[in-house]
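Please read them with the structure open.

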Amino acid sequence: MVTSAAPSGKRFEGTPKVAVTRHLVPEVEARMTELFDVTLNRADQPLSREELKALMQSAHVLVPTVTDKIDAALIAEAGDQLKLIANYGAGTEHIDLKAAAARKIMVTNTPGVFTDDTADIAMCGIIGVPRRIREGVELVRSGAWTGWAPSGMLGRKLGGKVLGIVGMGRIGQAVAHRAKAFGLEIAYHNRKPLPEAIERMLGARYVESLDELLAQADIVTLHSPLTEETRGMLDARRIALMKPGASIINTARGELIDQEALIDALQSGHLAGAGLDVYPDEPNVDHRLIEHPNVMTLPHIGSATTEGREASGEKVIANIRFWMDGHRPPDQVLEGLV
C-alpha cells in the first residue's frame, strides 16, 4: 500500500508559509493569519494552473479545495519545500495521491464535518422530487397557478417507497437515519455490508448487486466517492434497470452519472425527476436539466453551512499544526485506502 509521507518527528522550524487557494470564512482566515505566514485568495476566483504552480513552488503547505486539480504534472513541478497538502474538504479525487506520496508530500483532508449538512440536502431531493416541489415553486412564481384542484400537482407519497442508497458511509447512513422517519424502506449497496447492529438501527437491508438495487428502488440517492471504478457507474444500461417513474438524487459527484443517459431518461419520461447538487462540468449545468420541470438543480450547496465551513477550516488548521509539531495529523489520507 502506498501512503503519503509520514512525519519525520522533527518540529517545523519557524513559521510555515501556507497558501490558501480560495476565500474561506472570515473566522478561519483570521485564525490562519494569526498562526501562519499565510497567502489568501480574497477575490475567491479559482486559480489558474500557473497560479497554483507558483504557490506550490513557494509554500510549505498548500490548502486547496475541490475546484483545484492537483495532478501528477503539477506535483512534479512543486518546490522541494512543499511538504503538506491540507485539503479543505473530505473528497480528494482532485489530488493525485500517488504522485504526492512519491514526492513525500503528505495529504490531509477534513472528513465528517459535512455529513449532516449533505444528508439534509439529499433529503431535500428525496422529498422534493416525488412531490414536484421545483415545479410547484415555478408555478406560483410564474403567476400561472389557478388555485387548488383535486387533480392538480399530483406527486408520489414517500411512505412505503424503497429508497436505494448507493454508498453507505457517513453520509449514506445519515440519510438512512433521516429517511426512516419518513416511512421509507431503506435498501443499500456498498462494497461490503454494514455490521448487523447498524443495519437494525437504521432499518436498512443490504443488496449485494448495484443492478438489483436499482431495479428495486423508487428513489436512488448517490453517496459514493468518485474513483475510476465509480465514474459513470449510472450509465444508460443501469438507468434503464430503474423502475418507470423512479428518481435519482445526487449530492456526491456529478461524474458518477452519465449525464446524457440521465437526460435521455428524463426526457423520455422513464425517470420522473432528479435532484442534483453536483454536475460533471461545474459550474456549467446543461440547459436541458434546468428546463426540465421536475429536476431540482442546486449550486453544489451540500456543505454550505456556516458551521460546517468553520469546522472544516478548524480541521485544516489542526492538521497543519500536528504536522508542524512532527506528529501524524489526525486526518492524514492514506492513498491505498481511498
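1. A residue is called exposed when its relative accessible area is over 50%, and buried when that area is under 20%. The model is predicted, and the points below should be read accordingly.

2. Val140 sits in helix H6, which covers residues 133-141. Its relative accessible area is 51%, so Val140 counts as exposed. Together with Trp145 and Trp148, Val140 makes a nonpolar surface patch of about 440 Å².

3. Nonpolar side chains tend to be buried together in soluble globular proteins. The largest nonpolar core here holds 31 residues. Leu222, Leu234, Ile239, Ile248, Leu262, Leu271 and Leu289 have the most contacts inside this core. At least two core residues come from each of strand S6 (162-166), helix H9 (210-216), strand S9 (219-222), S10, H11 and strand S11 (271-276). The most, five residues, come from H11.

4. Apart from this core lies another, of 22 residues, including Ala174, Tyr188, Ile219 and Met296.

5. Leu289 is one of the residues with the most contacts inside the largest core. Leaving out residues up to four places away in sequence, Leu289 touches Gln259, Leu262, Ile263, Leu266, Leu276, Tyr279, Val295 and Thr297.

6. Is Thr251 buried or exposed? Thr251 lies in the loop between strand S10 (246-250) and helix H11 (259-268). Its relative accessibility is 9%, so Thr251 counts as buried. With residues up to four places away in sequence not counted, Thr251 touches Thr118, Ile121, Ala122, Leu222, His223, Asp277 and Val278. Of these, Leu222 is also among the residues with the most contacts inside the largest nonpolar core.

Methods. Residues numbered from 1 in each chain as written. Predicted model: local features only at pLDDT ≥ 70, side-chain atom pairs only at ≥ 80, totals over all residues. Heavy atoms only, no water. Patch = residues over 30% accessible without salt bridge, like charges linked within 9 Å, V, L, I, M, F, W, Y side chains within 5 Å. Areas by Shrake-Rupley, 256 points an atom, 1.4 Å probe, with all protein chains shown as cover. Salt bridge = Lys/Arg side-chain N within 4 Å of Asp/Glu carboxyl O. Helix = DSSP H or I, 4+ residues; strand = E, 2+ residues; numbered from the N terminus. Buried < 20%, exposed > 50% of the residue type's maximum accessible area, 1.4 Å probe, protein only. Contact = heavy atoms within 4.5 Å. Core = buried A, V, L, I, M, F, W, Y, C linked by side-chain atoms within 4.5 Å.
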